[in-house]
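This report describes a structure for a reader who has not seen it before. The sequence and the model come next, followed by notes on selected features.

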Amino acid sequence: MAALPLYLLLTSIFLLSLFPTRFAEVLCHADESSALMEFKRSFKTNRTDWRCIHPKVHSWSQDGSGDCCSWDGVECDEVTGQVIALNLSSSCLSGIMSPNTTLFRLVHLESLNLAFNGFNFSSIPYGFSNLSRLKHLNLSHSDFFGEIPHDISQLYELISLDLSCNESVPLHLPNMSDFVHNLTGLKELDLSDVNLSSRLPSILANFSSLTWLGLSSCGLNGDFPLPNLEVLHVDGNSNLSVFFPKSHWGSPLKSLDLSRTNISGEIPTLIGNLSLLNELIAYNCYFSGSLPSSLGNLSHLTYLDLSDNNLQGQIPVSFANLTQLSLLYLNSNNLSDTLEWVVNLTKLIGLDLSGYLSKLVHLELPHNKIGGIIPRWMWNKCRESLNFIDLSNNLLTGFENNQTDLPLPKLRYLDISSNLLKTTLPIPPPLVEQYDISDNVLSGEVSTSICEARYLLMLDLSTNTLNGAIPPCLGSTGPLEFLNLARNKFDGIIPRVYPNGCALRMIDLRGNQLRGIVPRSLANCGMLEYLNLGDNQINDTFPFWLLELASLKVIALQSNMFHGPIEDSLSQPNFTSLQIMDLSNNGFNGELPSKLLKSCHAMKVIVNQNQLAYLSIYPLVNASLARFVRRMTYAMTLMNKGMKMEYAKIPDVLVWIDLSNNKFEGFIPELIGDLKPLRMLNLSNNCLNGTIPPSLANLTILESLDLSWNNLVGEIPQQLAGLTFLSDFDVSHNRLSGPIPRGTQFDTFGSNSFVENDGLCGNPLPNKCTNGDNVPPPPSSFKVDNEEDCLFDLDWRIVLGGAGGGFLVGIVLENFIIDKKSRWFLHYSKKMAEGWKR
């Protein structure tokens with residue numbers, strides 16, 4: 001018997017010697033090699049496409065010679081040499097897919113992946129039924145357009161099918177039920193962003209092999225029975241209701257995404273039976289009621305997102321059992337609790353419990369009310385994992401044992417803004433990129449150790465009671481883009497060191513007690529878009545060197561001690577991007593800065609804006625923070641009719657000039673009429689003389705015009721009656737004469753808009769115009785004899801105290817008045833309200 005194995009071994013060696021290199025010698029077939037080369041030649045390579053990773057076809061022989069089985073992305077059968085798999089995903093292909101593509105000659109293909117290429121909105125070609133052996137087909141995110149060809153439904157052996165696409169380049173499937181009817185062997189199906197616009201076919205519930213189903217943003221409607229799946233993503237179907245049959249509460253579901261659907265009511269207690277679930281994502285739905293304690297049974301859960309709902313009450317103690325959680329988002333609900341339950345969550349990477357109490361409008365919206373102190377163990381037990389934390393807009397009062405050093409070496413995002421923290425400033429950990437602790441009750445000085453956070457991109461310490469000098473290093477912290485220190489008690493001078501290549505795009509220092517001058521080194525911040533130094537004690541001339549900053553959109557120097565002329569100091573102004581300029585309440589004199597206004601090219605072109613947007617920047621942070629990163633919006637205090645209006649966000653269509661309460665003199669330049677996007681112009685409380693230029697009638701979307709408290713003469717141009725958006729108008733306290741224009745808007749202005757002009761007549765003034773000698777003659781000339789004639793020297797604060805009236809262009813924090821004639825504001829307010837739910 002012992003000889004038998006030896007015999008078999010010798011026989012095997014003999015047979016192998018007859019075919020020593022059989023498998024190594026098998027080459028691909030010439031016709032398939034030719035088909036591949038023709039396919040390659042029909043496309044170009046676009047390395048600039050964001051989807052491009054590696055142009056695999058570059059490794060293919062230029063003349064088609066050689067073994068195609070060795071080409072990148074090509075796989076052949078080891079026995080027959082026939083091409084059985086082609087993976088060209090993210091291969092930088094660019095061009096139109098031919099209806100007669102040579103791919104259909106690869107009839108032995110079992111797997112085809114063309115995902116993440118650029119097929120330039122061509123149709124998916126008809127002919128896939130030729131590839132009858134296909135088991136895996138992926139054409140996702142490759143810019144195919146139009147209707148999905150029905151012959152794909154004849155690929156009876158398909159195991160996985162991915163036709164998901166971009167929302168901006170949608171595919172269309174008119175009858176999903178007919179399409180999937182024969183694909184009973186499917187295990188994975190992804191039609192995300194394909195336009196289905198129909199009810200989900202009930203036949204899917206009978207697909208016993210289906211384990212992965214992606215139908216995000218497909219326009220589905222009606223009810224959805226939960227099939228026997230491991231992965232179910234139906235997010236983004238706003239008309240889709242979801243119900244969970246009791247027969248499926250023990251299903252093998254591992255990932256469930258119901259976000260942005262029409263699901264409502266309480267979260268079912270039976271959800272705790274989904275014992276294998278590791279992802280539960282249901283943000284921006286209509287859940288209400290309390291969080292069921294059964295969620296604590298989901299011991300495998302690593303990702304839980306129930307944000308943007310209306311969940312109420314306390315967080316169940318059972319959440320302490322979710323020890324595998326790495327991502328937890330419960331923000332934008334109506335939860336009230338402390339942070340004690342987080343004690344066992346030692347693997348947390350991201351935590352968001354923020355309230356997101358809106359700063360936009362004064363509405364009663366639900367928001368979280370997490371209170372008490374931030375426990376010390378939160379830093380200790382999660383110190384090696386926590387990457388981002390958002391606890392903003394809650395009722396937190398401080399840190400345990402007043403610990404303000406945060407030992408979190410991996411933390412990159414920290415937002416504890418809009419709480420009740422009453423402590424000194426916690427210094428951010430060294431890797432933090434975004435740090436927001438604004439709107440608290442922080443006090444004391446800012447330590448220079450804050451600059452040890454070398455990766456800071458965004459620092460917001462605004463609206464606290466911090467004092468002392470601003471650390472000089474904040475002007476030279478390498479990548480810093482967004483610096484907001486507004487509304488504190490900082491004193492001393494503005495840091496003077498802004499190095500070449502300064503990355504700052506936003507600087508907000510308003511509402512402090514800063515003195516001195518504006519540092520000239522700010523000219524090194526070539527990317528600066530927003531500079532707000534208002535409401536300080538800066539004593540300087542106009543910083544004309546700022547004109548080098550071609551990206552500057554907002555400059556606010558109001559309520560300081562700036563002085564001197566502006567026009568004389570300008571050589572070649574370059575405010576090409578400027579759209580908001582507030583120089584009010586200073587001591588500027590001389591002529592109005594015509595050269596500066598002439599250079600404001602962004603103020604000369606009206607931009608059609610159909611979607612609500614705000615002036616903001618988007619910090620370029622680490623990709624892992626994408627879930628947390630928000631645009632940093634610009635804020636301002638703007639004056640109108642003597643009232644301060646606080647804007648937490650500035651609409652990006654707003655063009656605003658306020659030069660009021662200075663000592664400007666001379667004529668109003670005609671060229672102001674070229675600034676057609678202007679919505680607000682305030683030249684009041686100056687020493688201007690001459691007439692009102694008729695060119696102001698070119699400002700067709702102007703909503704507020706204030707020329708009061710000057711020395712203007714002549715008539716109000718009749719052309720101004722054509723300004724149909726004008727809701728606030730004031731020429732009081734001048735030396736105007738003649739009839740007040742009649743028209744849609746002028747007929748609505750009260751007498752306060754025209755008082756103290758002895759020569760004016762007509763409604764709404766009691767002095768009526770006649771054709772005879774009773775019309776008061778206009779003064780033939782006017783001359784300022786001395787400094788006392790300048791109306792600036794009157795106490796404008798007392799005079800304007802009763803002016804009142806509201807003019808809103810943006811959204812304000814405090815109570816406000818909406819002028820029913822301000823069509824622009826109403827239009828955008830409506831759009832903003834519709835966009836509350838994300």
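## Strands and sheets

Two strands pair if DSSP finds at least two bridges between them. The strands (E, at least two residues) and helices (H or I, at least four residues) are DSSP runs, numbered from the N terminus. By this rule, β31 pairs with strand β33 (residues 489–493) in the parallel sense, over 3 bridges. Within that pairing, Gly468 is opposite Phe490 in β33. This is a predicted model, in which local features need pLDDT of at least 70, side-chain atom pairs count only at pLDDT 80 or more, and totals for chains, interfaces and linings use all residues. Residues are numbered from 1 along each chain as its sequence is written, and side-chain values use heavy atoms, with hydrogens and water left out.

Strands β31 and β33 belong to an open sheet of 4 strands, in the order β29-β31-β33-β35 and with parallel pairing. Its edge strands are β29 and β35 (513–515), each of which pairs on one side only. On average, neighbouring strands of this sheet are turned by 10 degrees against each other, direction ignored. Such angles run from 0 to 180 degrees between N-to-C directions, with axes taken as lines fitted to C-alpha atoms, for helices over the stretch in contact.

## Pairing around β40

Strand β40 (residues 587–591) runs parallel to strand β38 (residues 563–565), and 3 bridges join them. In this pair, His563 stands opposite Gly587 in β40. Strand β40 also pairs with strand β46 (residues 663–666), in the parallel sense and over 3 bridges. Here Glu591 faces Glu665 in β46. In general, strands of a sheet pair through backbone hydrogen bonds, either parallel or antiparallel.

## Disulfides

How many disulfides does a search of the whole structure find? The search finds 6, a disulfide being a pair of cysteine sulfur atoms within 2.5 Å. One of them joins Cys69 to Cys76, with 2.1 Å from S to S. This link is left-handed, with -95 degrees about the S-S bond. Cys76 is buried at 13% relative accessibility, where buried means under 20% relative accessible area, exposed over 50%, and partly exposed in between (1.4 Å probe, protein chains only).

Another disulfide joins Cys451 to Cys473, with an S to S distance of 1.7 Å. The torsion about its S-S bond is about 70 degrees, so the disulfide of Cys451 and Cys473 is right-handed. Cys451 lies in the loop between β29 (443–445) and β30 (458–460), and Cys473 in the loop between β31 (465–469) and β32 (482–484), so the pair ties together parts that are 22 residues apart in sequence. Cys451 is buried, with a relative accessible area of 18%. A further disulfide is formed by Cys761 and Cys769, whose sulfur atoms are 1.8 Å apart. With 100 degrees about the S-S bond, this link is right-handed. Cys761 is buried, at a relative accessible area of 1%, whereas Cys769 is partly exposed at 33% relative accessibility.

## Backbone features in loops

Asn763 and Pro764 are joined by a cis peptide bond, with omega about 10 degrees. Pro764 is located in the loop between β53 (759–761) and α7 (796–799).

Phe116 is not a glycine, yet it has a positive phi of about 60 degrees. Phe116 is placed in the loop between β5 (111–113) and β6 (136–138) and is partly exposed, with a relative accessible area of 29%. Ser418, also a residue other than glycine, has a positive phi near 55 degrees. Ser418 is in the loop between β27 (413–415) and β28 (434–436). Is Ser418 buried or exposed? At 15% relative accessibility, Ser418 counts as buried.

Glu266 lies in the loop between β16 (264–265) and β17 (279–281). With a relative accessible area of 57%, Glu266 is exposed. Leaving aside neighbours within four places in sequence, Glu266 is in contact (heavy atoms within 4.5 Å) with Phe287, Ser288 and Gly289. The C-alpha atom of Glu266 is separated by 8.6 Å from that of Pro292, and these two residues are 26 residues apart along the chain.
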